[in-house]
Amino acid sequence: MKRYQTILFDLDGTLLNSLEDLKDSVNEILKRHNYPVRNLEEIRTFVGNGAFHLIQCSLPKGCQEKEVRDCLKEYSDYYFRHSQIKTCPYKGIPELLKELQKKGILVGVVSNKGEETVKDLCKNYFPGYISAAVGDKEGFQKKPAPDNVIRAIRELKGDKGTTLYVGDSEVDIKTAENCHLDSVLVTWGFRTKKLLLEHGAKVLIDSPLELLQYLESRSL
């Protein structure tokens with residue numbers, strides 16, 4: 001069985017419950033433009049494919065690309081300053097990261113958020129535990145393309161053969177497939193277990209510490 005030496009985590013819906021701050025930031029921009037606001041469940045379905053997709057879905061149908069990009073700029077500026085109001089780690093995540101560090105497993109984060117925000121969130125919520133924090137950056141395709149996963153593995157000086165990818169959405173399933181990585185999908189995030197199974201998830205866990213049990217089973 002394979003012993004993993006590196007684990008890459010998605011951020012939103014996997015390590016951090018950030019949905020309320022995402023909703024509040026989107027709605028701040030919508031209200032500025034006199035558009036109807038979105039509820040939490042709508043935002044839940046819009047996240048996962050990056051900020052442009054989130055804003056495009058949140059705006060009323062028929063908005064031109066220029067308006068989407070203008071609102072995206074406002075949203076990015078606002079969210080960076082308001083991304084840590086209600087956001088918090090999921091229960092058990094800090095303990096999981098501590099145990100992974102004890103085991104000598106290197107941990108990275110790969111997100112479709114802007115890279116500056118990713119680094120800031122990882123630094124503030126998980127100080128000392130995240131060795132590579134990679135996000136959306138000009139010149140690199142976001143997930144499910146493999147670009148940023150490859151960047152993270154290189155930054156960690158890891159190897160694809162001993163890297164595990166952990167996420168909470170269909171985007172994460174496709175990302176792992178595109179990178180030829182083993183994957184574990186979490187059920188506490190932004191997607192339902194039913195949807196994850198429909199998109200081909202093979203290993204699912206219901207709590208963070210179950211990941212430790214999975215790792216132990218793979219190293220026997």
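Me: How do I read strand pairing, and how many bridges join β7 to strand β8?

Reply: Two strands pair if DSSP finds at least two bridges between them. Strands are DSSP E runs of at least two residues and helices are H or I runs of at least four, numbered from the N terminus. Here 2 bridges join β7 to β8 (residues 204-205), and the two strands run parallel. L185 stands opposite L204 in β8. This is a predicted model, where local features need pLDDT of at least 70 and side-chain atom pairs count only at pLDDT 80 or more, while totals for chains, interfaces and linings use all residues. Residues are numbered from 1 along each chain as its sequence is written, and side-chain values use heavy atoms, with hydrogens and water left out.

Me: Which strand do 4 bridges join to β7 (residues 182-186)?

Reply: That is β6 (residues 163-167), which runs parallel to β7. G167 has L185 as its bridge partner in β7.

Me: What handedness do the β-α-β units with β7 have?

Reply: Point the strands away from you. A crossover is right-handed if the path from the first strand over the helix to the second then runs clockwise. β6, helix α8 (residues 170-179) and β7 make a right-handed unit. β7, helix α9 (residues 193-198) and β8 make a right-handed unit too.

Me: How do I read a helix span, say for α4?

Reply: The expected span is 1.5 Å times one less than the number of residues. Helix α4 (residues 65-81) has 17 residues. From first C-alpha to last, α4 reaches 25 Å, close to the 24 Å expected.

Me: Which residues of α4 are buried?

Reply: Buried means under 20% relative accessible area, exposed over 50%, and partly exposed in between (1.4 Å probe, protein chains only). In α4 the buried residues are V68, C71, L72, Y75, Y78 and Y79. They cover an arc of only 140° around the axis, so they sit on the same side of α4. That arc is taken over the directions from the helix axis to the C-beta atoms. The face turned away from the buried side carries the exposed residues K66, K73 and R81.

Me: What do the buried residues of α4 pack against?

Reply: Contact means heavy atoms within 4.5 Å. The partners are α1 (19-32), α3 (51-58), β4 (106-114) and α6 (115-125).

Me: Is R151 buried or exposed?

Reply: R151 lies in helix α7 (residues 147-156). Its relative accessibility is 15%, so R151 counts as buried. Leaving aside neighbours within four places in sequence, R151 is in contact with E115, V134, G135, K137 and F140.
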